[in-house]
Amino acid sequence: MYGVEHLLTSLPGGQIGFLLFVNAFVFVLAFFLDFFELAFIIIPLLGPAAEKLGIDLIWFGVDPRRQHADLVHASTHSDFALFYLRSVAPKESYIDRVTRKRMEPVTTGQIYWGAVPFVPYPGFMVLVVIYSRRS
């Protein structure tokens, strides 16, 4: 465990660098894991490092739930939404019943790129929370 703690405490940027890394780490993991799995992985890894960096563990335990809620929601719920969209989006061209126009199929790439504009907002809000805690 000392190796992981040393790695996390030696990140550039001190507390801010650590918090930015934690948020990015949780964001990526949330694509593959649910909240409970994340909690069982994240807390034992990050708690000792946060304490060593002088981060208030009460704040670190409570606020990241709110902070990460946006990021986890953006990653875990959006991947389900993307799968749902893929299942209902037309894979072949078709004639629209109302307009009688030929509609082109929707590709998986178009669905994924359509979700990209919604990712920066939760990330921005996490940055606001991190930097507001500093003052």
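Buried residues, meaning those under 20% relative accessible area (1.4 Å probe, protein chains only), make up 32% of the 135 residues in the chain. The model is predicted: local features need pLDDT of at least 70, side-chain atom pairs count only at pLDDT 80 or more, and totals for chains, interfaces and linings use all residues. Residues are numbered from 1 along each chain as its sequence is written, and side-chain values use heavy atoms, with hydrogens and water left out.

**The whole chain**

Begin with the chain coloured by secondary structure. Six helices and two strands are present, where helices (H or I, at least four residues) and strands (E, at least two) are DSSP runs numbered from the N terminus. Their order from the N terminus is α-α-α-α-β-β-α-α. With a surface displayed, the chain exposes about 9200 Å², of which carbon and sulfur atoms supply 69%; accessible areas come from the Shrake-Rupley method with a 1.4 Å probe, and for residues only the protein chains shown count as cover. Among contacts (heavy atoms within 4.5 Å) with a separation of 6 or more, 66% are between residues 24 or more positions apart.

**Arg86**

Next, select Arg86 in helix 4 (residues 57-88). Arg86 is buried and has no salt bridge, a term for a side-chain nitrogen of Lys or Arg within 4 Å of a carboxyl oxygen of Asp or Glu. The nearest side chain of opposite charge is that of Glu92, 10 Å away; in this count Lys and Arg are positive, Asp and Glu are negative, and His and the chain ends are left out.

Which backbone oxygen does the side chain of Arg86 reach? That of Val106, at 2.8 Å. Beyond its neighbours within four places in sequence, Arg86 touches Lys91, Val106, Thr107, Thr108 and Ile111.

**Arg100**

Move to the loop between strand 1 (94-95) and strand 2 (102-103), where Arg100 is found. Arg100 has a positive phi, near 60°. Most residues other than glycine have a negative phi. Arg100 counts as exposed (over 50%) because its relative accessibility is 63%.

**A surface patch**

Finally, select Leu20, Leu127 and Tyr131, a nonpolar surface patch with about 260 Å² of accessible area together. Patches consist of residues with over 30% relative accessible area and no salt bridge, with like charges joined within 9 Å and nonpolar side chains (Val, Leu, Ile, Met, Phe, Trp, Tyr) within 5 Å. Leu127 lies in helix 6 (residues 120-134) and, at 34% relative accessibility, counts as partly exposed, the class between buried and exposed.

Note on methods. Polar contact = N/O pair within 3.5 Å; in protein donor to acceptor, adjacent residues only side chain to side chain.
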